[in-house]
Amino acid sequence: MATCLLYRQAPARVPRFYRIELAMNLFAEVSVLREWGVAGGSGQSTINIYGNLREASIAADHHRKRMLKRGYDRA
């Protein structure tokens with residue numbers, strides 16, 4: 001559905017990524033998939049399920065804003 005990909009590359013550090021994706025699941029719920037880690041590595045992920053698109057969108061925006069404050073840039 002919608003994907004936001006952020007990268008952070010601080011001096012003398014390994015580049016990192018943070019990915020947020022909204023998707024409908026089979027039960028008419030909206031999933032917010034978040035993946036993060038070192039670029040080129042396997043990384044970690046988590047999925048949160050929300051009852052409607054509005055709640056999921058608010059949650060995804062919250063995570064996106066938090067990562068932008070931590071130094072990530074949009075890809």
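Start by selecting Glu-21 and Arg-19: they form a salt bridge, with the closest N and O atoms 2.2 Å apart. Keep in mind as you click around that this is a predicted model. Glu-21 is buried, with a relative accessible area of 18%, while Arg-19 counts as partly exposed at 24%.

Glu-35 counts as partly exposed, at 25% relative accessibility. Show the three together and you have Arg-19, Glu-21 and Glu-35 linked in a network of salt bridges.

Now step to Arg-34, also found in strand β3, which covers residues 30–38. Is Arg-34 buried or exposed? It's buried, yet it has no salt bridge. The nearest side chain of opposite charge belongs to Glu-35, and that is 11 Å away. What Arg-34 does have is a polar contact of 3.2 Å between its side chain and that of Tyr-18. Beyond its neighbours within four places in sequence, the residues in contact with Arg-34 include Arg-19, Gln-44, Asn-48, His-63 and Arg-66.

Next stop, the helix. Select Arg-64 and Asp-61, which form a salt bridge with the closest N and O atoms 3.8 Å apart. They are three residues apart in helix α1 (residues 53–69), so about one helical turn separates them. Arg-64 counts as buried at 17% relative accessibility, and Asp-61 is partly exposed at 33%. How many salt bridges does the structure hold? Three.

Then go back to strand β2, residues 16–24, and pick Met-24. Met-24 is partly exposed, with a relative accessible area of 49%.

Finally, zoom out. The C-alpha trace spans about 45 × 25 × 15 Å along its principal axes. Of the 75 residues, 25% count as buried. The accessible surface is about 5,200 Å², with 53% of it belonging to carbon and sulfur atoms. Colour by charge and you'll find 12 positive and 6 negative side chains, the centres of the two sets lying 10 Å apart.

Notes:
Residues are numbered from 1 along each chain as its sequence is written. This is a predicted model: local features need pLDDT of at least 70, side-chain atom pairs count only at pLDDT 80 or more; totals for chains, interfaces and linings use all residues. Side-chain values use heavy atoms; hydrogens and water are left out. Helices (H or I, at least four residues) and strands (E, at least two) are DSSP runs, numbered from the N terminus. Buried means under 20% relative accessible area, exposed over 50%, partly exposed in between (1.4 Å probe, protein chains only). Lys and Arg count as positive and Asp and Glu as negative; His and the chain ends are not counted. A salt bridge is a side-chain nitrogen of Lys or Arg within 4 Å of a carboxyl oxygen of Asp or Glu. A polar contact is a pair of N or O atoms within 3.5 Å; within protein, one must be able to donate a hydrogen and the other to accept it, and residues adjacent in sequence count only if both atoms are side-chain atoms. Contact means heavy atoms within 4.5 Å. Accessible areas come from the Shrake-Rupley method with a 1.4 Å probe; for residues, only the protein chains shown count as cover. The place of a charge is taken as NZ of Lys, CZ of Arg, CG of Asp or CD of Glu.
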